Amino acid sequence: TDAHIVAVEQARALNAFVLETPDHARQAAAKADARIAAGDARPLEGIPLAIKDLFCTNGFRTTACSRILGDFTPTYESTVTSQLWRDGAVMLGKVNNDEFAMGSSNETSCFGPVANPWHRPGSNVGVGADGKITGTALVPGGSSGGSASAVAASLCLGATATDTGGSIRQPAAFTGTVGIKPTYGRCSRWGIVAFASSLDQAGPIAKTVRDTAILMRAMAGFDPKDTTSVDREVPDYEASVGKSVKGMRIGIPKEYAIEGMPAEIAALWERGKAWLKDAGAEMVDISLPHTRYALPAYYIVAPAEASSNLARYDGVRYGLRVPGRDIIDTYEQTRAEGFGAEVRRRIMIGTYVLSAGYYDAYYVRAQKVRTLIKRDFEDCFAAGVDAILTPATPSAAFAIGEKSGADPIEMYLNDIFTVTVNMAGLPGIAVPAGVDGQGLPLGLQLIGRPFDEETLFTVGQVIE
Ligand code: GLN
């Protein structure tokens with residue numbers, strides 16, 4: 001833990017951590033050492049972790065990287081993190097993310113962007129006298145950019161993250177780490193700042209498939225405090241790592257071969273297929289015909305739910321308050337000051353698609369599309385497909401500022417391979433599988449049957 005505390009301090013230029021908790025970490029590590037010495041170690045005894053700032057941590061500031069939460073310090077602990085502490089893990093601090101997890105590059109955070117520890121050759125990335133990054137740094141992806149950057153830079157052994165439309169898998173792919181979004185309902189959402197409640201899921205980011213499997217076991221499980229949490233036994237996920245894929249049927253969806261796919265991504269996908277074939281799996285061509293509607297439908301459903309969830313930030317109950325003439329004026333001023341541009345855009349889209357007269361045309365229609373997307377997957381799994389292999393992202397990491405310009409669609413297109421999984425509630429894992437022409441990491445994605453994370457760990461380990 002001491003080595004990790006020092007690493008976190010030395011890597012401040014990455015801007016991965018938004019709150020460092022070294023005193024807490026040292027105390028927790030001392031207790032862990034005592035347990036280990038006494039032969040009484042729990043499954044994660046003394047393992048130093050970074051916690052996404054979307055998870056409420058009792059007594060430690062939790063902001064979702066939004067000004068509106070100010071210095072909000074919860075008096076309760078999220079279920080997922082409390083299970084990690086139950087098993088002996090140690091918190092090093094809270095890590096950066098896009099504001100309310102809305103984004104794909106960690107650039108919407110009120111704490112500023114996070115740098116990816118990977119960079120392009122010749123981009124002159126260094127640390128200036130002011131402690132800030134110089135040169136052309138790359139984004140770590142988002143929204144869990146701090147989690148992915150911290151893991152990739154070895155500042156921690158693992159991190160918690162959340163995935164509403166790709167926010168675990170896309171940053172994992174951009175940083176050469178492993179990230180799994182479990183089946184909807186597998187991990188409790190209680191105590192996690194809500195973005196889009198029917199899509200949000202927590203999951204781990206770590207260096208290897210095995211490490212994510214170990215962390216997942218602690219994070220998963222039924223929680224009566226989350227009505228969408230599912231009461232199913234949590235398997236020993238680690239036991240799935242290293243099993244054979246012989247005889248497994250891996251679906252290759254033709255709709256994911258999108259127009260304009262970079263040759264490097266297409267080649268990576270081919271390599272993934274070849275590795276799995278060599279390991280004894282069978283590749284089957286499949287079709288998920290409604291794939292092309294997933295991104296537009298996601299960007300209706302997610303903002304709709306977000307606009308509703310974010311109604312609670314009224315300047316009265318949490319964090320920031322900008323006093324106005326009266327209560328309405330206080331609401332307006334607080335929200336105008338507290339929310340960043342992307343969050344305001346989502347609230348406007350969300351309230352629009354939910355408003356009388358538009359509700360049926362947009363929201364209800366998007367929900368119908370969602371059902372069709374889900375059925376596409378069900379049909380493939382019913383036909384005997386064990387898992388589906390796709391690229392995780394349409395490109396490698398891009399530069400900070402490169403896609404955060406005037407057109408938000410540029411950024412939304414990053415999520416093209418990941419949002420379908422959230423719309424269908426399925427588990428998905430991103431595994432590092434190679435590099436692009438400049439040596440930047442690229443990831444492949446595996447999509448599984450509901451509650452069959454085990455197959456993803458087995459197949460993922462063959463690819464990594
Ligand atoms: N990039 C997507 C969005 O901005 C997904 C974010 C997420 O998964 N939290 O909505």
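**Sheet architecture and the annotated active site**

Strands β12 (residues 428-435) and β13 (residues 441-448) run antiparallel and are joined by seven bridges. Within this pair, I429 of the former strand lies opposite L446 in β13. The model described here is predicted.

Both strands belong to an open sheet of eleven strands with mixed pairing, ordered β1-β3-β2-β6-β8-β7-β12-β13-β11-β9-β10. The edges are formed by β1 (17-20) and β10, each of which pairs on one side only. On average, neighbouring strands of the sheet are turned by 30° against each other, direction ignored. Helix α7 (residues 263-278) packs on the sheet and touches β9 (249-253), β10, β11 (387-391), β12 and β13. The direction of α7 makes about 55° with that of β13. Helix α14 (residues 453-463) also packs on the sheet, with contacts to β7 (178-181), β11, β12 and β13. For α14, the angle to the direction of β13 is about 150°.

I286 counts as buried because 21 C-beta neighbours lie inside 10 Å, the threshold being 20 or more. Excluding residues up to four places away in sequence, I286 touches G251, I252, P253, C380 and V385. Between I286 and L14, the separation is 272 residues in sequence and 41 Å in space, C-alpha to C-alpha.

The unreviewed UniProt entry places the feature "active site" at K52, S143 and S167. These positions are spread over 116 residues of sequence but cluster in space, with a largest C-alpha distance of 11.3 Å. K52 is found in strand β2 (residues 48-52), whereas S167 is placed in the loop between β6 (158-163) and α5 (169-175). K52 is buried, since 33 other C-beta atoms are within 10 Å; S167 likewise counts as buried, with 36 C-beta neighbours inside 10 Å.

Contacts were considered without residues up to four places away in sequence. On this basis K52 touches V95, N97, S144, G146, S147, A159, T160, A161 and T162. S167 is in contact with A101, G142, S143, S144, A161 and T162; one of these, S143, is itself an annotated active-site position in the UniProt entry.

The ligand is surrounded by 13 residues, of which the closest are A101, S104, T164, G165 and S167. By class, this shell comprises four nonpolar, seven polar and two charged residues.

Definitions and conventions. Residues are numbered from 1 along each chain as its sequence is written. This is a predicted model: local features need pLDDT of at least 70, side-chain atom pairs count only at pLDDT 80 or more; totals for chains, interfaces and linings use all residues. A residue is near a molecule or strand if its C-beta atom, placed from the backbone, lies within 6 Å of it. Ala, Val, Leu, Ile, Met, Phe, Trp, Tyr, Cys and Pro count as nonpolar, Asp, Glu, Lys and Arg as charged, and the others, Gly among them, as polar. UniProt positions are given in the numbering used here, feature names are shortened, and annotations may be inferred rather than shown by experiment. Helices (H or I, at least four residues) and strands (E, at least two) are DSSP runs, numbered from the N terminus. A residue is buried if 20 or more other C-beta atoms lie within 10 Å of its own, exposed if 12 or fewer, and partly exposed in between; C-beta atoms are placed from the backbone. Two residues are in contact if their C-beta atoms, placed from the backbone, lie within 7 Å. Two strands pair if DSSP finds at least two bridges between them. Axes are lines fitted to C-alpha atoms, for helices over the stretch in contact, and angles run from 0 to 180 degrees between N-to-C directions.
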